[in-house]
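Student: Can we go through this model together? I'd like to start with helix packing and then move on to other things.

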Amino acid sequence: MSDAAPTTIYLKDYTPFGYLIDSVHLTFDLAAHATRVTSRIAFRPNPDARDRKFFLHGEQLRLIRAAIDGAEIAPEVTDEGLTANVPNAPFVWETEVEIDPGNNTALEGLYMSNGMYCTQCEAEGFRKITFYPDRPDVMSTFTVRINGDLPVLLSNGNPTASGQGWAEWTDPWPKPAYLFALVAGDLIAYPDQFTTKSGRGVELNLWVRPGDEGKCAFGMEALKKSMKWDEEVYGREYDLDVFNIVAVDDFNMGAMENKGLNIFNSSAVLASPETSTDANFERIEAIIAHEYFHNWTGNRITCRDWFQLCLKEGLTVFRDAQFTSDMRSAPVKRIHDAIDLRARQFPEDNGPLSHPVRPESFQEINNFYTSTVYEKGAEVIGMLKRLVGDEAYSKALNLYFDRHDGQACTIEDWLKVFEDTTGRDLTQFKRWYSQSGTPRISVSESWDSGTYTLTLSQETHPTPGQTEKLPQVIPVAFGLLGPNGDEVRGTQVLELTEATQSFQFTGLAAKPNPSILRDFSAPVILDHGHSNADRAFLLAHDTDPFNRWQAGRSLAEDNLFRMITQDSAPDGQFLDGLLAVLRDGDLDPAYRALMLQLPSQSELASTLYDSGHTPDPLAIWTAIETLKQATAQHVQDLLPRLHSESLVDAPYQPDAEQSGKRALGNAALALTTRLDSGTQAAAEYDRANNMTQQLASLACLLRAGKGETQLSSFYDQWQHDRLVLDKWFGLQISLASPDATPAVALGLTQHPEFNWKNPNRFRALLGSLATNHAGFHHADGSGYQLLADWLIRLDPVNPQTTARMCTAFQTWKRYDDKRQALMRAQLTRISETPNLSRDTTEMVSRILDA
Ligand code: 0A1
Ligand code: ZN
């Protein structure tokens, strides 16, 4: 890192690159510490550009030779790239550089993982491979030759030639450099094939390390289902002869959609019933779908610049959510998504890191792969679809694919296809992309002889850099229930566009009960103004599964809130309502399991903070424990029935039906453990023949302060399996008591298997510390200190993962003065570390500036 002040890049400064590229030829001579990369690039002046400065990005490259049209030149090279004088006509650019993948611990560019070469180029990693205009709007076809003494040599596109120790790949589809990929290693293929709807045969391979072959079947099935679904639902076919997926152990994120060669964190693709939980299977299915869907939304149509990241990510998350809803249960998926959004995106959007779905400036783009860009970005598309309707949505998407195939696009291009298809003016809707913060909706109602009037008001609190907020277009799915629970008005979408707006419903026989924001139709905070009686009514009668669940959630939250702020006891309204839902054997077990899940500690902390209280982590933890204990007692008689309803007498399948049953059974087991101090959980542990049940019963035991023997036999059983060992590390910290958490985490950092340079292992340990709310916020500050120690240690090794994990401190201003001071001290200590990376510098300074 240079000591220069970090530079900020602005969306408004965008200009096109001065040159276009007709073709790229790359040759890699692989060597762990001295890989040679030779490039031959056909440039020509870009008629649409005014600025003809020839600057190529390049970092950590040793330039050996550069030439233009065969004549050697001596370009001016800095830490960030090179400049050269070039002809004002087409020319061939050549360079040879040397790089050191064996010492690349940042995992960006070409690096090594367990003897295997692999790449990660999004967002700006290609500049660590060779000199290049490393920006998404410069697209070209690529031909790649790999010379290396390894059995498997892969790159993007189709294989075009190979021999002993070399292979050549050609990607006919123009792409930006961030989609480049190369893999070389001693890998085993798990092969399959797929025939597209137009009859093209595609060879599929999942490449893994020897020993992992048994964990490939599920991922392969998920890939084939994704390919089929995209044909059926979006009319999108695959466009190469081969599709390769590679599993790699060292990876900063979940996976990467490189054209024809997706690279996956092994945790996001490898699965077996013995080693993976139902939740792991579901996540893997979704990530495989996500990366595959990028082939059209991201690769064929890419982003003009990184400010447009949500163009590909929001849309692709939306598509993978649709896929999961189709493959599994739509209501359950919607509830999971709402829980996740509230847990991750709302705190981001209501704290120092708040930024619009399309940010307007950044220092380090890696810091903007956020829940706001991804998940809120997907919510924005869901709202658009709800507003224009399914048919118009599908027409607009067809127009998008027809009009923009092969282009690097903007949010303006995206919205224009909707405007052109529907004739609708989306000017106000576009605020969802530029205005940060979570809108809050408040409700008032009136009833007058047959007419019900609903008044909705919206308000968004100021966020960093944005003090004035304008009203947004908010689709509020809405229905009315009569006093006996019948639905008197089915779901319709109210369009809230003003700061305050009223909606009237006439001809009603009696004062109805409103069901507002059905299906979580917008990413907003809704203050219903409901009484607990209204909530109990909706919990019993709402026909909308999301709002029925929400009613139970709100009852629980209100109860917890009063327990914390007024020392109230667990109350009957919530517990009775819950009991009635649990008894209803017609309800999906997965749905009933969700009903049993209480709000998380950090969600309660948000709620408390929002209503003017200072969250006390220990009081929150205690209230949740007390309510769980009361729940166990209240539903005690039902537990044996829930247990029997959850039994599966068929071979293990990670599908929605079986995993729903297991979720209910395990939720019941957690309650049972509170009453029998672990007898049943210990028996379940001994009987478990899949990881879902093994881990759930172990968790019950640990939560009860038992399970020492099981924990160590779990270690003995699984010490050879790195993904299961991550669970072993994580579980102990997640379930440690508040008082013990920092010490347990510290102890585990001394374990010989704590390979902290592996991002999965680092996250398993320190990520679990950061998400154990009461433990992390230990009053003596030892949780903060431990995390900061390790972030400081990791930063020079892996800035990207370090910076992401700084978000653990983003809520620091919510807490009491003492905790604030402790957190500020750690943030300051991180920020004052010499040579801190650009990634971490930006994150810490944004968090501190709150
Ligand atoms: N585009 C990938 C995620 C990804 C983003 C950045 C990375 O490195 C900085 C790696 C992967 C996706 O959405 O799946
Ligand atoms: Zn993505």
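Student: How do the axes of helix α20 and helix α22 cross?
Tutor: In this predicted model, the axes of α20 (residues 722–734) and α22 (residues 759–771) come within 8 Å and cross at roughly 15°. The two helices are therefore roughly parallel to each other, a label for angles under 35 degrees. Axes are lines fitted to C-alpha atoms, for helices over the stretch in contact, with angles from 0 to 180 degrees between N-to-C directions. Helices are DSSP runs of H or I with at least four residues, strands are E runs of at least two, and both are numbered from the N terminus.

Student: Is that crossing left-handed or right-handed?
Tutor: α20 passes α22 in a right-handed crossing, meaning that the near helix is turned clockwise from the far one by less than a right angle.

Student: Which residues make the contact?
Tutor: From α20, they include L723, F729 and I733, and from α22, A764, L765 and L769 are among them. Contact means heavy atoms within 4.5 Å. The residues of this contact divide into seven nonpolar, four polar and three charged. Here Ala, Val, Leu, Ile, Met, Phe, Trp, Tyr, Cys and Pro count as nonpolar, Asp, Glu, Lys and Arg as charged, and the others, Gly among them, as polar.

Student: Before I go on, what are the ground rules?
Tutor: Residues are numbered from 1 along each chain as its sequence is written, and chains are lettered from A and ligands numbered from 1 in the order written. Local features need pLDDT of at least 70 and side-chain atom pairs 80 or more, while totals for chains, interfaces and linings use all residues, and side-chain values use heavy atoms, leaving out hydrogens and water.

Student: New topic. How many residues surround ligand 1?
Tutor: 16, and the closest are E122, E257, E291, Y374 and Q800. To be near, a residue needs a heavy atom within 4 Å of the ligand.

Student: And how far is the side chain of E313 from a ligand oxygen?
Tutor: An N or O atom in the E313 side chain is 2.9 Å from an oxygen atom of ligand 1. For H290 the distance given for such a pair is 3.2 Å, and for a polar side-chain atom of Q120 it is 3.4 Å.

Student: What joins E122 and A123?
Tutor: A cis peptide bond, with omega about -5°. A123 lies in the loop between β11 (116–120) and β12 (140–147).

Student: What about the phi of L517?
Tutor: L517 has a positive phi of about 65°, although it is not a glycine. L517 sits in the loop between β30 (513–516) and β31 (525–527).

Key
A polar contact is a pair of N or O atoms within 3.5 Å; within protein, one must be able to donate a hydrogen and the other to accept it, and residues adjacent in sequence count only if both atoms are side-chain atoms. Angles under 35 degrees count as roughly parallel, over 145 as roughly antiparallel, 65 to 115 as roughly perpendicular and the rest as oblique.
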